[in-house]
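Please look over the structure before reading on.

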Amino acid sequence: MPTEQAHEGRRFLRTTGQHAAIEADPLIAGAYILRIGDAEQSHVNLTEPTEIFYEYLRRIGHLVDLAAPGGQAVTALHLGAGALTLARYIEATRPGSEQHAVELERELLDFVLRKLPLPDGTRLVTHIGDARETLAELPSELAFDVMILDIFSGPEAPAHIACREFYEEAAARLRPDGVLIVNVGDEAALTLVRSQVAAMRQAMPDVAAFAESGMFAGRYPGNIILVGTRWPWPAAWTAELLARGPHPAAVLSGVELDRLSG
């Protein structure tokens with residue numbers, strides 16, 4: 001069995017000029033933290049991959065749970081790979097799923113897969129490149145049940161991705177009952193969140209937002225999860241997400257979401 005030290009390490013990332021480091025979580029046995037520069041970027045529990053530490057990732061996991069009947073394999077696309085926390089979660093909860101992960105930093109993906117290998121049997125295809133360009137290059141017959149975009153980490157977002165045209169391209173690659181899940185990390189004013197709600201609403205039949213309830217007051221920075229569907233947002237999903245938390249939680253859809261999109 002690999003030792004704790006075998007999973008730890010440090011790697012220089014040429015694209016950003018920063019160092020990535022993987023360190024053991026001192027509080028959770030079998031868990032590791034990925035840092036890029038001085039910031040925590042991801043958390044992985046190798047022993048219990050269904051136990052997700054970061055609140056916003058737990059919310060995304062709950063959405064993935066609703067995307068198809070429990071245990072059913074899905075086809076998933078991760079735009080922004082990080083430490084592959086959600087890819088591990090999908091494999092643990094939906095064995096046999098076909099997954100694709102897109103990451104701009106070649107060294108980061110190599111580093112993560114070497115130090116924190118995926119469970120045997122995981123069907124994951126990795127792609128190095130820009131999220132929008134890679135999406136366009138994927139085989140035309142490949143359609144997704146779940147698409148997760150996790151590359152927005154502040155008000156400065158890639159303009160070619162944070163736009164209606166990208167969301168139209170993403171929606172076209174979803175199966176009829178597929179969902180597009182977008183994590184938006186933003187400052188207190190929620191400028192990026194508001195622009196992305198508006199852009200997604202132009203590209204998809206329905207959109208909802210899921211977050212810690214205080215986030216929608218716009219008093220502090222944090223993460224809001226936006227969900228685009230190709231069918232009307234089901235009220236049953238709102239009830240289920242509110243029950244699952246993390247608490248306190250809020251889901252905005254329909255007219256309740258208008259105040260975020262103007």
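A cavity is defined on a 1 Å grid over the protein atoms alone, as a set of points where a 1.4 Å probe fits but cannot get out, and its lining residues have an atom within 4 Å of a point. Grid points are joined across faces, edges and corners, and a volume is the space filled by probe spheres set on the points. The model is predicted, so local features need pLDDT of at least 70 and side-chain atom pairs count only at pLDDT 80 or more, while totals for chains, interfaces and linings use all residues. Residues are numbered from 1 along each chain as its sequence is written, and side-chain values use heavy atoms, with hydrogens and water left out.

**The cavity and Thr 85**

The count comes to 1 cavity of 30 Å³ or more. The largest cavity has a volume of about 40 Å³. Its lining consists of His 43, Val 44, Asn 45, Pro 49, Glu 51, Ile 52, Thr 85 and Arg 88. Two or more lining residues come from each of E4 and H3, and E4 gives the most, with 3 residues. These labels refer to DSSP runs numbered from the N terminus: helices (H or I, at least four residues) and strands (E, at least two).

Thr 85 belongs to helix H3, residues 85–93. Is Thr 85 buried or exposed? Thr 85 is buried, with a relative accessible area of 9%; buried means under 20%, exposed over 50% and partly exposed in between, using a 1.4 Å probe and protein chains only. Its side chain reaches the backbone oxygen of His 43 at 2.9 Å. Neighbours within four places in sequence aside, Thr 85 is in contact (heavy atoms within 4.5 Å) with Ser 42, His 43, Val 44, Ile 52 and Leu 57.

**The sheet of 4 strands**

E4 is part of an open sheet with the order E1-E2-E3-E4 and antiparallel pairing; two strands pair if DSSP finds at least two bridges between them. The edge strands are E1 (9–13) and E4, each pairing on one side only. Neighbouring strands of this sheet are turned by 20° against each other on average, direction ignored. E3 and E4 form a hairpin with 2 residues between them, and Gly 37 in the turn has a positive phi of about 65°. Tyr 32 has Val 44 in E4 as its bridge partner, and Ala 20 stands opposite Ile 36 in E3.

| Strand pair | Bridges | Direction |
|---|---|---|
| E2 (18–24) and E3 | 5 bridges | antiparallel |
| E3 (31–36) and E4 (39–45) | 6 bridges | antiparallel |
| E8 (144–153) and E9 (174–186) | 7 bridges | parallel |

**The sheet of 8 strands**

An open sheet of 8 strands has the order E7-E6-E5-E8-E9-E11-E10-E12, with mixed pairing. Its edge strands, E7 (123–128) and E12 (249–253), each pair on one side only. The twist averages 15° from one strand to the next.

Angles run from 0 to 180 degrees between N-to-C directions, and axes are lines fitted to C-alpha atoms, for helices over the stretch in contact. H4 also lies across E1, E2 and E3, running at about 165° to E1. Helix H6 (residues 164–172) touches E5 (75–79), E8 and E9, and its direction makes about 145° with that of E9.

Note on methods: Polar contact = N/O pair within 3.5 Å; in protein donor to acceptor, adjacent residues only side chain to side chain. 1 Å grid on protein atoms, 1.4 Å probe; cavity = no way out; pocket = protein on both sides within 12 Å on 5 of 7 lines; lining within 4 Å.
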